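Please keep the sequence and the structure in view while reading.

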Amino acid sequence: MQHLARENVQKVLMEQEMLCLELESKKKKLDSWGRELNKREALTEREKQNFDEEKKQIQAEAIQGLQFCHQKTVEKVVFCVGMHRRSILLGM
């Protein structure tokens with residue numbers, strides 16, 4: 001039971017790490033796109049507004065994703081700890 005709980009915690013932590021890496025990758029891509037956009041001189045004001053709106057949306061989605069990921073990780077860890085405690089109590 002302890003092994004299963006440990007595996008569940010490891011799985012959750014790995015999932016969280018993968019999601020965080022994915023979000024970081026998206027953030028880097030967005031930053032790169034922003035730098036490229038800043039280099040262009042012929043952009044119209046509307047294109048800049050669209051970029052800013054999309055950037056805000058992506059940032060909001062990234063924050064929501066991180067919050068969701070964090071909440072699910074906390075829930076799974078709490079569950080695994082509870083299972084571990086129960087297995088210890090039942091084992092006594």
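In what follows, a residue counts as buried under 20% relative accessible area, as exposed over 50%, and as partly exposed in between. The model discussed here is predicted, and the values below are computed from it.

**Overall form**

The secondary structure comes to two helices and zero strands; helix H1 covers residues 2–39 and helix H2 covers residues 45–91. The C-alpha trace spans about 75 × 15 × 10 Å along its principal axes. The radius of gyration of the protein is 21 Å, whereas a compact globule of 92 residues would have one near 12 Å. Of the 92 residues, 14% count as buried, and the protein exposes about 7700 Å², of which carbon and sulfur atoms supply 57%.

**The aromatic pair**

A pair of aromatic rings is described by the distance of the centres and the angle of the planes. The count in this protein comes to one aromatic pair, formed by Trp33 and Phe51, with 4.9 Å from centre to centre and 80 degrees between the planes. Planes over 60 degrees apart count as edge-to-face, and the pair of Trp33 and Phe51 is accordingly edge-to-face. Because Trp33 lies in helix H1 and Phe51 in helix H2, the pair ties together parts that are 18 residues apart in sequence.

Which class of accessibility does Trp33 fall into? Trp33 has 35% relative accessibility, so it counts as partly exposed. Phe51, with a relative accessible area of 8%, is buried.

**The largest pocket**

The largest pocket has a volume of about 290 Å³ and is lined by 14 residues, of which Leu23, Lys27, Ile58, Gln59 and Ala62 lie nearest its centre. The elements that give two or more residues to this lining are helix H1 and helix H2. By class, the lining of the largest pocket has seven nonpolar, six charged and one polar residue.

**Residue pairs apart in sequence**

| Pair | Apart in sequence | C-alpha to C-alpha |
|---|---|---|
| Glu7 and Cys80 | 73 residues | 9.3 Å |
| Glu22 and Gln64 | 42 residues | 14 Å |
| Gly34 and Asn50 | 16 residues | 12 Å |

Gly34, by contrast, counts as buried, because its relative accessibility is 9%.

**Drawing the points together**

The protein comes to two helices and zero strands, and helix H1 and helix H2 both give two or more residues to the lining of the largest pocket.

Note on methods. Residues numbered from 1 in each chain as written. Predicted model: local features only at pLDDT ≥ 70, side-chain atom pairs only at ≥ 80, totals over all residues. Heavy atoms only, no water. 1 Å grid on protein atoms, 1.4 Å probe; cavity = no way out; pocket = protein on both sides within 12 Å on 5 of 7 lines; lining within 4 Å. Points joined across faces, edges and corners; volume = space filled by probe spheres on them. Helix = DSSP H or I, 4+ residues; strand = E, 2+ residues; numbered from the N terminus. Nonpolar A, V, L, I, M, F, W, Y, C, P; charged D, E, K, R; others polar. Rg over C-alpha atoms; globule rule 2.2 N^0.38 Å. Buried < 20%, exposed > 50% of the residue type's maximum accessible area, 1.4 Å probe, protein only. Areas by Shrake-Rupley, 256 points an atom, 1.4 Å probe, with all protein chains shown as cover. Phe/Tyr/Trp six-rings, centres within 6.5 Å; stacked < 30°, edge-to-face > 60°.
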